[in-house]
Amino acid sequence: PLHLTEPPGSSSGYKSEKIKFIPLKPYGGEKLTDKISVLTTAFHNLGIIRDIMNKVDWIQFRAPTAMGVYVLPYISLKSEPKRWVKYAGNWKMKNAPMSYKFQKWWLNNNFQNSKVTINGYWDGQKKHILNFENPCIDNDELEKAGRTALDKNFDGKLILCFAGALIKSKGVDIIFEALSVIKNKNQIKEIILAGDGNEKKRYEKLASGLDFPVTFAGFLNRQELEKVYERSHIILLPSESEGFPKVIAEAAAYGCVPVVSDVSSISQYFNESNGFLMKKINPEELAEKIDRALSDRVKLKRLSVECSKTAALFTYEHYIENLKEKILFSKNI
């Protein structure tokens, strides 16, 4: 959908001549009338989707999303074009919204006759459901980031960072509560929060009570975010729910040791071998992990090198090879 508002600072425009953007009508929101708009815009949006499906060789649909409730059944009625579906959310999410449950049920039963790419590997996973790592870095940047990781110094006071929306579900409340009770406060030089949100002023008040500087960097483009990763030693992301957050892999490439919640497939890539994994998502658990990280700098340096290696799984080149081999040129559905 095309929203007639100013794009956030973290957005960038389509620059390639190979990309043609055809807007759908926006829908959804907080009000009841906004929620009903999911249905009132359906006829218009399906008309656009129908016209495009008649012109292309492949269609890719990203779920879960509100319009998936009617788009998935619609594309399932047609034999052409070829299609695959990316399920970007948590495949094993507990207490998922009803619309998400419906879309997962639909995809799991493969009514749309396609490959489905998800985050992680899970017991009982059907053959048409494939794990695909979310790409976020190219080989050139990976090499540059790897050099930064190897040279990163963990002596003295350290810099912590967070990247994402400044909202409760991303764990920002937990971060501030944890930072107010950690034992090694004198080991922190600064914490940088990259992102924005309606709760920012409340978080600024919480930040004023801490014993070290807190920088609210706002929305950053990719180049600006890289500079944050280059400076930082630890990234915090105690989210309540995720598919797989790209910022973990991005930061890890630069040697930022992740302190993250054990949700979705995160632990399949980042765990005690290359970071700190929170089994319980609360301030006490996060504070304990931060204190452990700050108290053993030799271990922290080792984890930094290891998490940087893991980032190689999240390159665009790796993704494209998977895409060609397992979807575009695969003979089997």
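This is a predicted model: local features need pLDDT of at least 70, side-chain atom pairs count only at pLDDT 80 or more; totals for chains, interfaces and linings use all residues.
Residues are numbered from 1 along each chain as its sequence is written, and side-chain values use heavy atoms, with hydrogens and water left out.

How many disulfides are there? If a disulfide is a pair of cysteine sulfur atoms within 2.5 Å, the count is zero. For Cys161, the nearest cysteine sulfur belongs to Cys256, 4.8 Å away. Cys307 isn't in a disulfide either: its nearest cysteine sulfur, again that of Cys256, is 7.5 Å away. Cys307 is buried too, because its relative accessible area is 0%.

Now look for Ser232. You'll find Ser232 in the loop between α8 (222-231) and β8 (234-237); helices (H or I, at least four residues) and strands (E, at least two) are DSSP runs, numbered from the N terminus. Is Ser232 buried or exposed? Ser232 counts as buried because its relative accessibility is 0%. Leaving out residues up to four places away in sequence, Ser232 touches Lys152, Ile159, Leu160, Cys161, Ile192 and Cys256, where contact means heavy atoms within 4.5 Å.

Finally, head to Leu2, in the segment before α1 (32-40). Leu2 counts as partly exposed because its relative accessibility is 39%.

Key:
Buried means under 20% relative accessible area, exposed over 50%, partly exposed in between (1.4 Å probe, protein chains only).
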